[in-house]
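I opened the notebook to work through charge pairs, a surface patch and a sheet. My notes are below the structure.

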Amino acid sequence: MQLTPKNGPAPQGDAPGGERANILIVDDLPEKLLVFRTVLEELGQNLVMVRSGADALREILQREFAVIMLDVNMPGMDGFETATLIRNHRRSAHTPIIFITSYADEIQTARGYSLGAVDYILSPVVPEILRSKVGVFVSLYLMQRQVERQADARAAMMASDAARRLAEENDRRSAFLAGASQALNRSLDIRVAMQELVALLVPERAALALVWIADPDLGRGSFAIAARPAGGGPAALASGAELAPADAVMAALQEAASLRRVARVAVEAMPLAPGALGHPDGDLGEAALASVTAVPLLFGERVPGVLLVASPEDGAWLREADLTLVQEVATRAGAAFENARLYRNLQHEIVERQAAQQELQQASQRKDEFLAMLSHELRNPLASVHTAIEIIRRVADKHPKVTWALDLAGRQLRQITRLMEELLDVTRISQGKITLKCDPVDLRVVVAHSIETVHQLLESRRQVLGVAMPEAPIWMDADGARLTQVIANLLHNAAKYSPEATPIDLQVVVDDRGVEIAVRDEGMGIDEELLPRIFDLFAQGKRGLDRAQGGLGVGLTLARRLTEMHGGRIEVHSRGRNLGSEFRVRLPRRATLRTGAAPVSFPDPAQACPSERILVVDDNVDAAQALATMLEMEGHAIRTAGDGEEALEIAAQFQPAIVLLDIGLPRLDGYEVARRLRADGGAALLLVALTGYGQYEDRRAALDAGFDCHFVKPVDADSLLASIREWRAGAAASTRDA
């Protein structure tokens with residue numbers, strides 16, 4: 001049974017917070033419980049009334065009571081037994097017990113007090129006395145509860161303050177570590193990273209900080225150090241490659257690096273002056289250092305360096321929080337230093353690769369220059385041989401063997417010239433010195449010229465060339481000479497690598513996308529491993545010791561590059577060795593289609609040319625003499641000169657009408673000779689440049705110097721004589737008009 005007061009005046013002893021105490025009343029008589037309720041309800045507390053000791057024990061298990069009123073004489077379990085059990089319960093071990101009895105002698109009273117009774121009240125009770133005594137215990141209980149609440153509040157407040165301080169410290173710690181990571185990774189320069197590391201710790205976290213490099217890739221032995229100046233202010237930073245600390249400090253650094261663990265300077269070495277850490281500026285600290293600890297910078301199995309921190313406070317770095325913070329900074333520094341190491345190695349590799357690349361470029365340039373010079377130097381002897389063959393052809397008897405020998409020499413000379421030109425062209429393309437001179441050309445004419453180029457080779461090998469192409473003109477914008485070179489190279493390869501008396505097919509197909517030129521043969525084919533690099537420079541298939549096919553491996557490279565310069569592509573297909581091959585050249589069409597066939601003009605038969613005074617200038621005696629002999633056979637008056645100065649002297653006396661002038665002359669080059677001849681009244685002269693340099697800029701330089709024609713050695717005799725005849729015809733026409 002639980003009784004609660006009705007609305008009325010505030011009960012005495014009520015707690016400030018409105019808390020009410022529980023009062024347990026135990027009696028087997030209902031009328032007595034009614035009396036107790038009437039007397040105590042004015043206290044305004046919770047009255048819990050039960051009629052047996054067992055019921056009382058059940059209530060005690062459920063709640064806490066301020067005071068217990070216990071009848072001594074109850075059937076079954078009396079008051080003393082109930083009190084004994086109440087005292088055995090932890091919650092009610094100290095709860096005040098007031099015994100209610102009708103009779104109390106000394107023995108009974110002593111027994112009650114021994115069980116923890118605080119008072120005896122005789123029945124019938126006096127209401128005021130009962131209410132007063134119970135009220136005292138209720139008030140004490142409520143006051144105790146209030147004190148406990150206040151204590152709990154203070155404890156909670158202290159815990160809250162501690163948690164707040166811990167959170168603030170964690171925030172500061174996190175902010176510091178975040179700033180440390182940012183500072184350490186700000187630069188990949190190891191020197192900057194070292195200075196950032198020591199500046200992070202001084203003066204905020206340590207009086208002096210030092211980082212020492214242990215990794216050879218980062219410069220083992222180099223260091224950076226920061227110290228708190230005696231007068232305050234920013235940290236004093238220093239760095240270098242030689243560190244001279246005290247022996248105890250160096251031992252700690254080496255121990256941390258080799259054993260990968262925290263090392264401390266021995267206690268017996270303390271205290272240390274800050275200068276003992278090797279700072280170049282000496283003793284900068286405010287006080288002697290009493291605690292010095294070395295922490296390794298770890299990254300996996302590597303130890304880039306060691307961080308050493310020092311403090312004048314004895315026992316610093318022994319606190320777990322301080323040491324943990326330094327170790328976390330060291331961990332971040334280890335990662336930053338590893339990044340710096342990788343970056344430094346990458347920089348070294350880049351420098352080495354750049355040096356190697358530059359060396360390769362220089363070697364390639366030297367190779368190109370060598371090939372160009374070799375080709376140029378070969379032109380003079382080739383010119384002499386070519387002219388000598390033409391002379392022999394003109395004066396020799398028409399004997400079959402002589403004709404055969406001259407034809408053979410001519411073919412071999414043309415082969416050497418072709419190889420030389422290919423070398424020069426590849427070199428020029430590599431150096432970016434070839435530019436296309438694109439004009440509208442009929443592809444049929446280009447194909448015809450290409451076939452004419454390899455006609456003698458096909459005949460000598462008894463090979464049959466089948467040609468299939470449209471009858472209508474195929475107009476396109478292209479450099480006719482270079483496109484002829486591409487097709488001729490493919491035909492030359494097909495003939496060279498095919499057995500004698502085998503067919504070769506050339507097909508030209510025109511569609512909306514452009515033009516495709518296909519060259520097929522039944523020759524030796526191409527091995528599968530060679531196909532991907534067949535167009536690479538100097539790439540060739542396997543050949544025997546006889547090197548029967550010859551060649552330098554530059555023809556296909558030249559064909560591909562010239563095709564690509566035209567905006568096209570070239571492909572190769574082969575089923576394997578001895579199964580033939582097929583090359584396909586795909587070119588865009590950029591010219592407007594024209595109607596009608598392309599006009600083709602044929603030169604008139606050679607007419608006899610009147611005798612002219614011709615001066616031949618060349619420092620190669622054989623080349624000059626051979627050319628002079630051939631011209632003399634044509635009926636011309638010839639004089640020769642071996643250098644520029646001699647040429648001007650002879651010209652002043654001989655008064656030639658035509659000057660065949662080499663460019664690369666000693667004493668005075670051909671350009672200067674040409675300019676002086678023009679300046680000395682030689683406006684009507686026919687000046688012909690004979691040179692080993694045949695690029696566009698060489699031709700332009702010759703024309704700017706006053707030359708009328710430009711021939712590249714070896715000079716074709718018929719072409720040279722045709723130019724002389726053309727000039728003579730033009731001069732005669734001008735005379736008639738005048």
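These entries record what I looked up, topic by topic.

**Entry 1: the model.** I am working from a predicted model. I kept that in mind throughout.

**Entry 2: salt bridges.** I began with the whole structure. How many salt bridges does a search find? It finds 32. I then took some pairs in turn.

I looked at E500 and R462. Their closest N and O atoms are 3.0 Å apart, and the two form a salt bridge. E500 sits in the loop between α11 (480-496) and β16 (503-511), and R462 in the loop between α10 (443-460) and β14 (464-468), so this bridge ties together parts that are 38 residues apart in sequence. I checked accessibility for both partners. E500 is partly exposed at 42% relative accessibility. R462 is exposed, at 52%.

Next I took R728 and E612. This salt bridge has its closest N and O atoms 2.2 Å apart. R728 belongs to helix α17 (residues 717-737), while E612 lies in the loop between β19 (581-587) and β20 (613-617), so the pair ties together parts 116 residues apart in sequence. Is E612 buried or exposed? At 7% relative accessibility, E612 counts as buried. The cut-off for buried is under 20%. R728 comes out at 23% and is partly exposed.

Then I turned to D708 and R678. Their side chains meet in a salt bridge at 2.7 Å, N to O. D708 is in the loop between α16 (696-705) and β24 (709-712), and R678 is in helix α15 (residues 670-679), so the bridge ties together parts 30 residues apart in sequence. D708 is partly exposed, with 39% relative accessibility.

I also looked for bridges that share partners. Which residues do they join into one network? The network holds D215, D217, R302, E338 and R341.

**Entry 3: R186 and E196.** I went to the loop between α5 and α6 (190-201), where R186 is placed. R186 is exposed at 54% relative accessibility. What does its side chain contact? The side chain of R186 makes a polar contact with the side chain of E196, at 3.0 Å. R186 and E196 are ten residues apart along the chain, and their C-alpha atoms are separated by 8.9 Å.

**Entry 4: a nonpolar patch.** I looked for nonpolar side chains at the surface. V136, L140 and M143 form a patch there. Together they have about 290 Å² of accessible area. I followed up M143. M143 lies in helix α5 (residues 127-184). Its relative accessibility is 52%, so M143 counts as exposed.

**Entry 5: a five-stranded sheet.** An open sheet runs β14-β16-β17-β19-β18, with mixed pairing. Which strands are at the edges? They are β14 and β18 (569-573), each pairing on one side only. From one strand to the next, the twist averages 15 degrees.

Strands β16 and β17 (residues 514-521) run antiparallel and are joined by eight bridges. Within this stretch I noted that V510 stands opposite V515 of β17.

Entry 6: The loop holding E500 leads up to β16, and the loop holding R462 leads up to β14.

Technical notes: Residues numbered from 1 in each chain as written. Predicted model: local features only at pLDDT ≥ 70, side-chain atom pairs only at ≥ 80, totals over all residues. Heavy atoms only, no water. Salt bridge = Lys/Arg side-chain N within 4 Å of Asp/Glu carboxyl O. Helix = DSSP H or I, 4+ residues; strand = E, 2+ residues; numbered from the N terminus. Buried < 20%, exposed > 50% of the residue type's maximum accessible area, 1.4 Å probe, protein only. Patch = residues over 30% accessible without salt bridge, like charges linked within 9 Å, V, L, I, M, F, W, Y side chains within 5 Å. Areas by Shrake-Rupley, 256 points an atom, 1.4 Å probe, with all protein chains shown as cover. Polar contact = N/O pair within 3.5 Å; in protein donor to acceptor, adjacent residues only side chain to side chain. Pairing = 2+ DSSP bridges. Axes fitted to C-alpha atoms, helices over the stretch in contact; angles between N-to-C directions.
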